[in-house]
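Subject: Structure handover

Hello,

I am passing on the structure below, followed by notes on what was found in it. Please read them with the structure open.

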Amino acid sequence: WSAQPNVFSRAREIGAAAAVVGWYHPYCRVIGGGLSRCSFTVVANEMATRGQRVSRSMLEHFRTVGAPAQVIRQVLPKSLKSDNGWEFDYVEGLKRIAQESAAAAADRALSLVMVHFPAPHWPCLYDRRKDDFTFEGGCNYFDNLELVDRTFGDLRRSMERAGLWEDTVVLVSSDHWWRTEIWPKNQSWTKEEQAVISMGADYRVPFMLKLKRQRASVIYQPSFNTVLSQDLLLALMRGELSAPSDVTAWLDRHRSIEKSPY
């Protein structure tokens, strides 16, 4: 991957400095050489098992796979019925990513910043009613969505203080939809979540684009593959697009392209 062209190397070709703040994937090790700024945080709880002995690792895997079944929970050793040890580190990782993201977004020396934030991905450790992190359980996917909203609000305020919000293009998207087939297996399932998915699964992902000094919203209805994001952002950076009508016309021309050459 490090030898392949990507949005950051292509941005560098047009004289733009780029940065990444992410988690899970080793961005800095793989593509960090082409970035002006890079931050990577390991916050996935399964990462903590890599230094374990084989026997402990096998038991941990058994607990993860079988814990949703009551009969298996009853025979698990007490030390394996809960894996709360990683929760504090996970929350600290979320806070660190948020802080570093805000700092990168407010850096005038950077032209392109990508933030890969964990939430609303499982697990849930945030209580939207208390507006704070929690280790008591009982939260759900919608609490995680509230955490996304809070984090993005902090990011925007950081950019506003730096005088960059109005003149910055912002794209908010996701690498996958709300995977309702996985959440019930990993988290206590609530009536609130069940009420939403009872209306049917939704395999779309969010795609919200704010242009420079944009004042009015536009809803684009046709379907398209978000693999176009790279070329779309580069076109915006080159100044080829500026108004919402430019973007919708660009999507009309490119959305039928099934595969990207990059």
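Y24 counts as partly exposed, at 34% relative accessibility; buried means under 20% relative accessible area, exposed over 50%, and partly exposed in between, with a 1.4 Å probe and protein chains only. Y24 is not a glycine, yet has a positive phi of about 70°. The residue lies in the loop between β1 and α2 (27-31). Helices (H or I, at least four residues) and strands (E, at least two) are DSSP runs, numbered from the N terminus.

The model is predicted, so to speak of its limits: local features need pLDDT of at least 70, side-chain atom pairs count only at pLDDT 80 or more, and totals for chains, interfaces and linings use all residues. Residues are numbered from 1 along each chain as its sequence is written, and side-chain values use heavy atoms, with hydrogens and water left out.

D131 also has a positive phi, of about 55°, although it is not a glycine. It sits in the loop between β4 and β5 (132-133) and is partly exposed, with a relative accessible area of 44%.

The loop between β3 (112-115) and β4 (126-127) holds H116, as well as P120 and P123. The peptide bond from A119 to P120 is cis, with omega near 10°. The bond from W122 to P123 is cis, with omega near 10°.

H116 is buried, at a relative accessible area of 16%. Its side chain makes a polar contact of 3.1 Å with that of W23. A polar contact is a pair of N or O atoms within 3.5 Å; within protein, one must be able to donate a hydrogen and the other to accept it, and residues adjacent in sequence count only if both atoms are side-chain atoms. Not counting residues up to four places away in sequence, H116 touches V21, G22, W23, H25, Y27 and I97, where contact means heavy atoms within 4.5 Å.

H176 is in the loop between β6 (170-173) and α7 (183-186). This histidine is buried, with a relative accessible area of 19%. The side chains of H176 and R179 are joined by a polar contact of 3.2 Å. Leaving aside neighbours within four places in sequence, H176 is in contact with H121 and V205.

The largest nonpolar core has 17 residues, of which Y90, L94, I97, F117, F133 and L147 touch the most other members. Such a core is a set of buried Ala, Val, Leu, Ile, Met, Phe, Trp, Tyr and Cys residues joined through side-chain atoms within 4.5 Å. Two or more residues come from each of β1 (18-23) and α5 (87-105), and α5 gives the largest share, 5 residues. Apart from this core lies another, of 11 residues, including A16, A18, V20 and I31.

L94 is in contact with V43, F117, P118, F133 and L147, leaving aside neighbours within four places in sequence.Regards
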